[in-house]
Amino acid sequence: MLKSFATLTIGQAPRTDIMPLLDKYLPRDKVTHTGLLDGLTREQIEQRFAPEPGEDVLVSRLLDGTQVRLASSRVEKALQLKIDWLESEGCETILLLCTGEFHHLKADKAILLEPDRLIPPLINGIVGTHLVGIVVPVAEQIEHQAGKWLKLAKKPCYATASPYQANEQTLIEAALSLKEQGAQVVLLDCIGYHRRHADIIQQHIDVPVLISNSLVVKLAAELLK
């Protein structure tokens with residue numbers, strides 16, 4: 001029997017890169033951390049999830065800290081199996097640690113917290129008519145995730161910088177690109193972004209910089225009180 005609250009990454013758990021954030025808001029003794037790719041070798045991951053040309057792409061992190069690119073449709077199917085298993089093991093709340101857009105995930109009795117359903121209305125309520133600049137890990141995700149933001153008053157602008165591979169210069173270039181496009185609020189829309197990424201960007205574009213993982217983890221923490 002697992003603990004009643006579980007985090008589920010599309011990479012491998014534990015996500016040491018964001019564990020400080022998770023530990024800050026989610027009590028260790030009440031949370032199980034699990035990953036879609038747990039126990040798989042890179043070769044096995046490639047065989048099962050490597051994107052074909054034209055497939056929507058998600059990115060995540062392996063235990064060794066490297067980035068992995070995954071086919072979104074196959075990830076979604078595998079996630080549903082993982083969610084079913086977590087429920088069967090007694091999990092009552094499942095927090096998905098991925099901001100990618102999914103369409104068919106469901107839980108029977110557990111509360112399933114999907115960032116792609118939580119973050120867009122929250123951002124919409126925060127920004128009003130301001131232009132949002134969204135940073136995503138890879139360019140393919142701009143088109144893939146565009147549907148998330150259809151309810152924004154203004155169509156967002158985008159820049160790319162992977163939280164797993166980008167150096168400071170790449171982040172600066174992303175900030176300058178968003179500044180040139182007129183962004184008035186910036187959102188780092190991947191679970192892997194850190195406050196240090198936000199700080200670098202904010203040094204070069206003087207607007208509020210929000211991080212999806214921080215927003216969704218703080219919301220999830222309210223269910224553990």
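## Glu55 and Arg74

Glu55 counts as partly exposed, at 24% relative accessibility. This value comes from a predicted model. The partner of Glu55 is Arg74: the two form a salt bridge in which the closest N and O atoms are 2.5 Å apart.

## Asp23 and Arg28

Another salt bridge joins the side chains of Asp23 and Arg28, at 2.8 Å from N to O. Asp23 has 26% relative accessibility and counts as partly exposed. Arg28 has 62% relative accessibility, which means that Arg28 counts as exposed.

## Glu114 and Arg117

The side chains of Glu114 and Arg117 meet in a salt bridge as well, with an N to O distance of 3.1 Å. Is Glu114 buried or exposed? Glu114 counts as buried because its relative accessibility is 5%, and the cut-off for buried is under 20%. Arg117 counts as partly exposed, at 47% relative accessibility.

## The network and the total

Salt bridges also link Arg15, Asp17 and Arg61 in a network. How many salt bridges does a search of the whole structure find? The search finds seven.

Notes: Residues numbered from 1 in each chain as written. Predicted model: local features only at pLDDT ≥ 70, side-chain atom pairs only at ≥ 80, totals over all residues. Heavy atoms only, no water. Salt bridge = Lys/Arg side-chain N within 4 Å of Asp/Glu carboxyl O. Buried < 20%, exposed > 50% of the residue type's maximum accessible area, 1.4 Å probe, protein only.
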